[in-house]
Amino acid sequence: MTLNVGLPLLVLAMPLVSFVLLAIVGPLRRTGRGAGLVSIAAIATSCAAAVFVWTQGFVAERTWSWIPADGGPVATVGVLVDSISNAMLVLVTLVSLLVQIYSLAYLGDERPAALGRYYTYQSLFVFSMLGLVLAPGFLQMFIFWELVGLCSYLLIGFWYERPAAARAAVKAFWITKLGDVGFIVGIVLLWSATGTFEFTELFEKAQANALAVPGLAAIMCLIYLGAVGKSAQFPLHVWLPDAMEGPTPVSALIHAATMVTAGVYMVTRTEPLFALVPGVLTLIAWVGAFTALLAATMACVEGDIKRVLAYSTVSQLGYMMAAAGSGAAPAGFLHLLTHGLFKALLFLAAGAVIHAVGTNDIFRMGGLFRAMPQTAIVFVVGTLALAGVPPLAGFFSKEAVLGGVWEAHLTGPFLMLALTALLTAFYMFRVVFVTFFGRAHAGGHPHEAPWAMRGPLWLLAALTLVVGIRLAMHGVEAAEEAPPGWLPPFSVGLALAGGALAWAMYQRGAIDPARVSAVLAPLDYLARRRYGLDALYAGLYRGIILGFSRLIGWIDRYFVDGILNALTALTLRAGDALRHIQSGRAQDYVYGVAFGVLLLFVWAQLWR
Amino acid sequence: MTLETVGFWVVAVVLLASSLAVVLTPNLFHAVLYLAAALVATGVVFLMLEQPFLFAVQLLLYAGGVVTIVVFAIMLTEKLVGERIRQTSRHLVNGAIVAAAVFVGIAGFLLRAPLVTLRPGLEADATISIGRALVGPFAITLELLGVLLVTALLGALYFARSEE
Amino acid sequence: MIGLSSYLVLAALVFSIGLFGVLTRRNAVGILLGIELMLNAVNINLVAFARYNGDLTGLIFTLFTISITVAEVAVGLAIVIAIFRVRRTVEADRLDLLRG
């Protein structure tokens, strides 16, 4: 086995080893911190290997036959190593490593057994995500896709005694499952049309124009559905805000940097296939842009700091999808990478705040800058990156996305994305001003977070800055053509306008927020109620699924059981009735014989 | 109206009447006596079929032996119970219907079957032929019959013994 | 003309009458009398067939039937007596130990 296959396999294997070890060896798991150290050690190894693989720029593909058949195996497992997978390897392992270190402090008050469970799930998650990233074909990707969804469920519902958390976990599972149904149907249809799951073979066929499959647009649409669910595109975005019931490190890892990006990664990976159906790509772009705008409006009225960040994630995922749909998949991927960094940063910083203050509500915080200056600084760095202010990394990736959408002449999405950029800056600075500045009226005694939490924060902030500077120096390789000259100032201007608006409304008090919401009353009303989508889904669930299950239950009780009961009653009654034949008297039996003889006569007569 | 026809009809009437009496009379003892009459009538039927040997066998075994046995049995059981055995029948109508149906069934088959009406001539004395057949082709059957009779004898003895 | 069918019909009648007796008599001995009649009818059948088809076999069978009937009557009545000793009853209705 060569190094360019072996090392990625090592990256993949280490978290698996950690998971298996923690899952099987109960005493180790129950030590809590011990389990954490095992998991951290494994992932640190993975991270180091991933960095090496990425910097060396390995390219490889290796598969092993899994389900053998005549004429080539039906299913294979293996690894596909190239530039995008390498970048994802680094992102996943790095953010996971930082999150796991952070969790040691954040979840330090948990019972050791629960903490051990947490790290077991974390290891499983990292393994699954890496397996997804390295998948050489649709089948393996789907398997790890589902595994990742399972880990999301387990980790969202980590505090399973809380009903809200349990509900949120189930909701996440259900909604993403809706998308997954489309995904698997699409995969199977594609396989039945082409006979293969493997990406390289499919891309070759696409190149050779041999993929003129009828209904390819529909198939790719179905496959896109999986991404809709997993990457929280409209209308399957409703699970992500509720998923904030999980611990903040989980939100940072899964619902900001890694799992939700799996959909974007899938679309990016299979871009040659989507390129064959431009209609679907346009759909993806429109849906992405619309999602971005929708989520941004909801973030503007949200008071829970984690929910704001969740909507922000949905919004940014919309950006990435819009880029992919515009044919600028590299731009979208770049945004995925940078967003992973600064969104994880924002979540972890928010976690530090929550840990210190004891509440998620920003309107119960205020003036925290004095109490936790370091946290405030890194949060502002993250905000600037998210808003798209140079020279931080977010500016370059967002500009690349906008440029890609503009170049594809998709005006509608472009306008939506531009407005979203404005709103993004607005709501993020709103959070900054309300939380860290202004009058201090936070309860508890806010203090700076311990080093286990601060360390990852500073590292991520530094990375955001460093990546941004590097992108500034080398230029964005992802852009195919240079973006229009007016674009950079335009996007910076949007960011500054949003920030100024937030400053005016929340810091200076120059514009009263209440009056603004009165002016925009219908929009405000809808946004606060999440546009009724949650209610719609809940109603559908109650009406259709629960109603259906009640119907089935009724059928089971009255028809199925009824038939059984009727049969048994019939048997008993027939037995009672037939008992009278056995009278014990010989003469009655002679009657029986005589009847039999008569029957024989009749039968013989009929037979003549 | 030949003699044969008249004779047949007379014997038939006697046979049927005594058979009906056997099954209908309330007194069991009388029933046995009527049975004896029926058996003798059957013997006469055999005579009409030109089988004198069988006529003799019928009289000896049936009318003689069987009737005697039944009479003894009745006397024994009557003695046990201690009073004259009154014989009442039950469900006469049901039995009549079933019996009639069986008769109709059999007769239906009979009357549709092509049956001979003329008797072939008698070749030899039947008795000698029967005797030859018994020790010839039917020898094994004869031996088996002997075994059966011994078994019956032993069985009857066993049942009839008094309790120790 | 007295053909074979006349004898057979006669035998059938006796058979039916015997069957009637078996079905309706309450006394066990009475039932045995009915059986006697049925066997008698069979004998008439056998002899008639033997005569009209010129076949000896029927006569042989009649002899056997008569012998077997005698044996059966003997054993049957012995059983009846044995039952009467134990159960002290005559009627067939009361002999229902095989009731299910």
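A residue is called buried if 20 or more other C-beta atoms lie within 10 Å of its own, exposed if 12 or fewer do, and partly exposed in between, with C-beta atoms placed from the backbone. By this rule, buried residues make up 51% of the 608 residues in chain A. The structure is a predicted model, in which local features need pLDDT of at least 70 and side-chain atom pairs count only at pLDDT 80 or more, while totals for chains, interfaces and linings use all residues. Residues are numbered from 1 along each chain as its sequence is written, and chains are lettered from A and ligands numbered from 1 in the order in which they are written.

The secondary structure of chain A consists of 26 helices and two strands; helices (H or I, at least four residues) and strands (E, at least two) are DSSP runs, numbered from the N terminus. Strand β1 (residues 60-67) of chain A runs antiparallel to β2(A), and seven bridges join them. Strands pair if DSSP finds at least two bridges between them. In this pairing, A:Ala60 stands opposite A:Val81 of β2(A). Because five of the seven residues of strand β2 (residues 75-81) of chain A are buried, this strand is largely enclosed by the rest of the structure.

A nonpolar core is a set of buried Ala, Val, Leu, Ile, Met, Phe, Trp, Tyr and Cys residues joined through C-beta atoms within 7 Å. The largest such core has 206 residues, and A:Leu345 and A:Val405 have the most contacts inside it. Helix α16 (residues 329-357) of chain A gives the most to this core, with 18 residues. Another core, of 72 residues, lies apart from it and includes C:Tyr7, C:Ala28, C:Val47 and C:Ala92.

Two residues are in contact if their C-beta atoms, placed from the backbone, lie within 7 Å. Among contacts in chain A between residues at least 6 apart in sequence, 81% join residues at least 24 apart. Between chains, 59 residues of chain C are in contact with 75 residues of chain B. On the side of chain C that touches chain B, the largest share, 21 residues, comes from α3(C). By class, this side has 40 nonpolar, 14 polar and five charged residues. Here Ala, Val, Leu, Ile, Met, Phe, Trp, Tyr, Cys and Pro count as nonpolar, Asp, Glu, Lys and Arg as charged, and the others, Gly among them, as polar. Ten residues of chain A are in contact with ten residues of chain C.
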